[in-house]
Amino acid sequence: MTSDDASGQREPAGGGAARLPDEAAIPDLQAPDLLTPNLLPPDLTDTARLACAVCASAFALVHMPDAALVGLLPPGLSPQDAAALARLAGADPVIVQDLARDGRTADLSAVTDPPALRFHAGIALPGPDGQSLGTLCVLDPEARPEGLTLRQAEGLATLARQAAREIGLARALAEARADRDDLRSITEAAPALIAALDHDEVCRFANGNFSRWFGLDPSETVGRPLRAIVGEAAYAARQPLLARAFSGETVSFEAPHPGGDGRHALVRYVPHREPGGAIVDLHLLGVDITAEKEARAALADSALKFRAIAESMPQMVWSTLPDGYHDYYNPRWYEFTGMPDGSTDGEGWNAIFHPAEQPEAWRRWRHSLATGEPYEIEYRLRRHDGIYRWVLGRAMPIRDPRTGAIERWFGTCTDIDDQVRARETLARNREVLEAQVAERTAALAEANARLTAEMEERARIEEALRQSQKMEAVGQLTGGIAHDFNNLLTGIVGSLDLMQTRINEGRTQNLSRYAGLAMASAQRAAALTHRLLAFARRQPLEARAVDANRLVSSMDELLRRTLGERVQLEVVVAGGLWLTLCDPNQLENAILNLAINARDAMPDGGRLTIETANAHLDDAYVASEIGVRAGQYVCLCVSDTGSGMPADVIARAFDPFFTTKAMGEGTGLGLSMIYGFVKQSDGHVRIYSEVGAGTTVKLYLPRHRGRIADEPAPERDLPVPRAEHGETVLVVEDDATVRALIGETLTDLGYRVIEAPDGRTGLRLLESPGRIDLVVTDVGLPGLNGRRMIDEALAARPDLRVLFITGYAENAAFGNGHLAPGMRMITKPFAIDAFAAKVRAMIEPAQERRREG
């Protein structure tokens, strides 16, 4: 124990106590390793009270860095002054009899102002390795020249050691709790079942995976016997395993999931021993091996299938390990070589190679093993009768898809002796033996094809069958089309011949009648080509906003005439139906085709219902439908009470050329044309049917958010509109006859016509200065097509108006039938009056804007 006099000099107090240590020996209370972060110190208030009692002082406190002061504190003592007083303490009690006379403390606010402290005695709380954990101080407002007695100093030191022990215990407890929490976090994060059993087979620890495996909450597992967790039947199977584990043996076994869902776990019982060697408890570790078991089963199944295929092959088939060790040959190998089973495993195969080919065979095989390159060589192999025959040896590596490492080699030996001999004979007399070589080569090619195509044979046969059916349907269709076109051409050619004869004879009385007959035949031919384009999904679409309710209602009379008196028609239209964007004429044809199919399915009469509705196809629905986008659609539903269709017919109903009707009653194009129209309109179509329960066909057409525009009714018997202001029309057409016809027509109507035979020429004319009011262009131009020509010309003429003429519309050219403003389309063949009216209708708005400007 030491004390300080008023001058700051240290001298013994209490009759010969120990000297005060130098300031350099006082521990650094701010050292960062003295306190563990996030650990709360124990409550040392009682220790401070005892210090007051032992030292007969008014105040006592415990000061620790980064912690609140505890004890009987002087009123108004600031943390800064408390820290300054704490720094006075040492390993032994340090006493200041009068703080006001000590140079280190005289200026402290706790000395100069209330509480006006005078006496101080402090001692450091000893920590590990002699480091200080804090300070225990006693304070008094009265100076004490006598300091502390030896008994008081010893009591203060004893209380300091006790406080240090309490801090150490609190730290150890907190660290143990942190270790326990870390262990819990690790076991919960581990992808395994982890638990611990005591000697009574009661679960003392379990992670979440273990509890959930048995359908329990973790709080329900701990404290429950293993028998109650796993069930009686599973416990009975585990009892002998538990006995072996408690006797000191590590036991492993596979266990199925208690829910019987097909999962399996590999479980291990590991004895946990104390330092003396006695078994304290059992640790249970489990890993879900469901995927591993399934992989092993799949591998076994794959190996079984390979063996079945290999043993059915006419060629010799063999397989090796990654290092080239031969461990499998199919029966053809042993039949050819006559060697006992297993005698050619490893390197035994080398013995039946012809000596002349052995070095090269080994060189190539080692090269393939080293590089992974395919192995191929021709060599002579000894047959069972001792004769060497030429064979073609080939092998390919099978690699791990994840790592790329070679897992096995699979190879074949094909007898090509006949081919080799034919090749040698051909070298001697090529012309004489050419036919024989071709025959042998074909035989070898056929054998190789059988080997490589065995796994895909069924798919090829099915594809060949479908192709055969398709070609049969194509034959029927082309025969019918040829017949129809011959009839149509007869009407056209005959009428034109009669017209030419009458003109040559000067008789013009019936020319209009013959012209009408030719025009009727031409229009029927145009309708036929339109059906073919619809089937091919290449028909030009005049897409515009359509009110499906109005369209269906307008077809009422047509549908009733088509269905006849035996079929009752019911039309149910939805209120607030959205608009859709499609070609209304094609939609009418689709509804009419569906109605005709329904009528044919109800020969004895029935009911046909046509409904409209708004529909939303969500992500879950379109996930199983190829090429369908989620969103809002207008749905047209056509239902009948007819004979219905079985599942196999539904699956093929949209296939081109597929029909269930008798020969000559249908080509199988109706539903395929509907499917093509709907898909070309970015829609979706589905069939629902059961045999004897009728059929429902739903057409989904995408919602259009624009406004519907009423088209003016066609004007009849009006004169062909003519040019009014000398307008200029650029005609781009590669067919000279069509170009001349269009040019002459426009010239007769008063237009100035500029002609171009291809897209490049048309683009040069459009990029040069000069007036062009309208461009009439074919889409299918050679080289630069019509659409691309217009796209490039719009940079120079952004207000350009375009009339496309086409009989075949690619989606890439028309964006699924949707044309930009200022562009229209007319389909070949077209009537001159309709063509002239459309030209005038496109030019007039531009003229009005030019006059307004």
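**Overall**

The structure is a predicted model. Its protein chain contains 26 helices and 29 strands. Of its 853 residues, 40% count as buried. Among contacts in the chain with a separation of 6 or more, 59% are made by residues 24 or more positions apart.

**The sheet S14-S13-S17-S16-S15**

Five strands make up an open sheet, ordered S14-S13-S17-S16-S15, and their pairing is antiparallel. The edge positions are taken by strand S14 (326-329) and strand S15 (375-382); each has a single partner strand, so one side of each has no neighbour in the sheet. On average, neighbouring strands here are turned by 25 degrees against each other, direction ignored.

Two helices pack on this sheet. Helix H11 (residues 358-371) touches strand S13 (316-320), S14, S15, S16 and strand S17 (406-415). The direction of H11 makes about 145 degrees with that of S15. Helix H12 (residues 417-428) touches S15, S16 and S17, and its direction makes about 120 degrees with that of S16.

S13 and S14 form a hairpin with five residues between them. Gly324, in the turn of that hairpin, has a positive phi of about 95 degrees.

**The sheet S9-S8-S12-S11-S10**

Another open sheet of five strands has the order S9-S8-S12-S11-S10, with antiparallel pairing. S9 and strand S10 (251-256) stand at its edges; each pairs with a single strand, so one side of each is left without a neighbour in the sheet. From one strand to the next, the twist averages 25 degrees.

Within this sheet, S8 and strand S12 (residues 279-288) pair in the antiparallel sense over five bridges. The bridge partner of Ala195 is Leu284 in S12. Helix H8 (residues 232-246) lies across S8, S10, strand S11 (264-273) and S12. H8 runs at about 155 degrees to S10.

| Strand pair | Sense | Bridges |
|---|---|---|
| S8 and S12 | antiparallel | five bridges |

**The helix pair H23 and H24**

Two packed helices are described by the angle between their axes and the distance between the axes. For helix H23 (residues 759-767) and helix H24 (residues 786-793), the angle is about 20 degrees and the axes are 10 Å apart. Angles under 35 degrees count as roughly parallel, and H23 and H24 are therefore roughly parallel to each other. Their crossing is right-handed.

On the H23 side, the contact involves Gly759, Gly762, Leu763 and Leu766; on the H24 side, these meet Met789, Ile790, Glu792 and Ala793. By class, the residues of the contact of H23 with H24 are five nonpolar, two polar and one charged.

**Backbone geometry in loops**

A cis peptide bond joins Pro114 and Pro115, with omega at about 15 degrees. Pro115 lies in the loop between helix H3 (109-112) and strand S6 (119-126).

Ala56 has a positive phi, near 55 degrees, in a residue other than glycine. Ala56 is placed in the loop between helix H1 (45-55) and strand S3 (59-63). Its relative accessibility is 54%, so Ala56 counts as exposed.

Glu201 also has a positive phi, near 60 degrees, and is likewise a residue other than glycine. Glu201 lies in the loop between strand S8 (193-197) and strand S9 (203-206), two strands of the sheet ordered S9-S8-S12-S11-S10. With a relative accessible area of 18%, Glu201 is buried, whereas Ala56 is exposed.

How values were computed. Residues are numbered from 1 along each chain as its sequence is written. This is a predicted model: local features need pLDDT of at least 70, side-chain atom pairs count only at pLDDT 80 or more; totals for chains, interfaces and linings use all residues. Side-chain values use heavy atoms; hydrogens and water are left out. Two strands pair if DSSP finds at least two bridges between them. Helices (H or I, at least four residues) and strands (E, at least two) are DSSP runs, numbered from the N terminus. Axes are lines fitted to C-alpha atoms, for helices over the stretch in contact, and angles run from 0 to 180 degrees between N-to-C directions. Contact means heavy atoms within 4.5 Å. Angles under 35 degrees count as roughly parallel, over 145 as roughly antiparallel, 65 to 115 as roughly perpendicular and the rest as oblique. A crossing is left-handed if the near helix is turned anticlockwise from the far one by less than a right angle, and right-handed if clockwise. Ala, Val, Leu, Ile, Met, Phe, Trp, Tyr, Cys and Pro count as nonpolar, Asp, Glu, Lys and Arg as charged, and the others, Gly among them, as polar. Buried means under 20% relative accessible area, exposed over 50%, partly exposed in between (1.4 Å probe, protein chains only).
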